[in-house]
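Here is a short briefing on charged side-chain pairs, for you to read alongside the structure.

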Amino acid sequence: MKFNRRIVLLIILILATIGVFLPIKVNYSFEATALVYSTREWNLKRGQDDSYISELQDNETNVMSNLMSYKFERGDVAEVNICKNHVSGDYITTKDTVAVIHSYFIDNEIIRLKNLKQIEEAALDVTITGEKQTLIEQGRQQLEFAGQQLDLAQKSYERQQKLYNDSIISLSEFEIYENQFNLAKINVEITDKALLSLETGAKSEEIDYIKKKIESYEREIETLEKMKDQYYIQSPVDGIISFNKILDGIMTVSDTSRYILKIPVKIFNIQYLDRISSIKFSIPGSVEKTDASFVGIDENINLNLTTNQQLIIAKALINHGIKGIYPGMAVSCQVYCDRITILDFLRRGIHLKF
């Protein structure tokens with residue numbers, strides 16, 4: 001019995017129709033070209049107004065941290081000096097200094113404040129060794145004079161005491177000389193203490209003022225030195241260094257301990273992302289499939305201008321120890337979702353085309 005082509009096609013159509021309605025289940029999956037990102041990337045880049053910006057991007061959580069802006073005064077000449085021993089592709093640790101920002105304004109300001117400090121220190125020396133020495137000399141002369149006055153008062157007191165004992169003068173007259181003698185002794189004590197205070201370093205208001213100015217300059221210099229220390233730039237993460245990777249970028253350090261896949265997903269397939277059973281990808285030049293773990297999705301919707309389709313980005317974490325994979329690489333990715341019947345599979349395929 002011969003079958004013509006029409007009968008054969010009819011039989012195939014019947015069998016296909018029956019197969020569609022059979023309770024056979026298959027994995028629903030879709031393909032995409034995904035991009036590889038390091039889990040964390042630290043960037044040093046140029047900002048507005050000739051400033052520099054340091055930032056750490058976590059591609060797994062989309063969190064931006066370690067933000068630091070290096071802004072400079074108007075008229076300042078600032079430059080970034082890359083450490084010469086680092087080249088693109090080198091492995092960098094958090095202890096390595098990768099660049100130094102040089103600010104002429106800060107250097108000149110430190111020099112200016114140090115000069116002012118030296119001037120005040122010289123003025124303090126002159127005040128202490130000059131004016132203080134003059135005051136000490138005056139104090140010694142006053143003490144010598146007070147001693148002479150005491151000798152005279154004592155001699156007068158002793159003579160008057162004899163006259164009083166011989167009843168030549170009255171008690172009231174004797175008490176006058178006795179009081180003068182006691183006052184002379186008190187004056188000597190006061191003068192001696194004043195001289196001792198000068199010799200042991202009593203500070204005048206002017207000396208205190210100069211010292212406060214010196215301390216103020218020291219604090220300003222210390223603040224600028226700390227600011228200058230921050231211009232010795234170190235990466236907050238260990239990883240591979242590269243240069244001019246991003247717009248206005250100077251350098252990037254990529255954490256290569258883990259990688260993230262960013263997978264573009266058509267808007268219709270978003271509803272199936274919570275049913276993902278596995279994600280597999282292969283790197284260019286290899287047919288071997290490698291597993292990745294679904295992490296989540298970005299909330300922003302993207303528009304593919306070429307196909308005029310709306311897309312959302314799904315993220316998957318790549319397991320450790322994968323060789324031949326680098327940040328920025330495009331890989332072929334297959335996302336496996338739930339198991340469905342052949343009929344449902346065809347329905348989803350029709351939705352995707354329209």
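**Salt bridges at a glance**

The structure holds 11 salt bridges. Please keep in mind that this is a predicted model. Side chains of opposite charge can pair when their charged atoms come close. The points below walk through some of these pairs.

**Asp107 and Lys228**
- Asp107 pairs with Lys228 in a salt bridge, with 3.0 Å between the closest N and O atoms.
- This pair links distant parts of the chain, since Asp107 sits in helix α2 (residues 104-165) and Lys228 in helix α4 (residues 205-229), 121 residues apart.
- Asp107 is buried because its relative accessible area, 17%, is under 20%.
- Lys228, at a relative accessible area of 27%, is partly exposed.

**Glu109 and Arg112**
- Glu109 and Arg112 form a salt bridge whose closest N and O atoms are 2.6 Å apart.
- Both residues belong to helix α2, where three residues, or about one turn of the helix, separate Glu109 from Arg112.
- Glu109 is buried, with a relative accessible area of 18%, whereas Arg112 is partly exposed at 40%.

- A salt bridge brings the side chains of Lys117 and Glu218 together, at 3.3 Å from N to O.
- Lys117 lies in helix α2 and Glu218 in helix α4, so this pair ties together parts that are 101 residues apart in sequence.
- Glu218 counts as partly exposed, with 34% relative accessibility.

Methods:
Residues are numbered from 1 along each chain as its sequence is written. This is a predicted model: local features need pLDDT of at least 70, side-chain atom pairs count only at pLDDT 80 or more; totals for chains, interfaces and linings use all residues. Side-chain values use heavy atoms; hydrogens and water are left out. A salt bridge is a side-chain nitrogen of Lys or Arg within 4 Å of a carboxyl oxygen of Asp or Glu. Helices (H or I, at least four residues) and strands (E, at least two) are DSSP runs, numbered from the N terminus. Buried means under 20% relative accessible area, exposed over 50%, partly exposed in between (1.4 Å probe, protein chains only).
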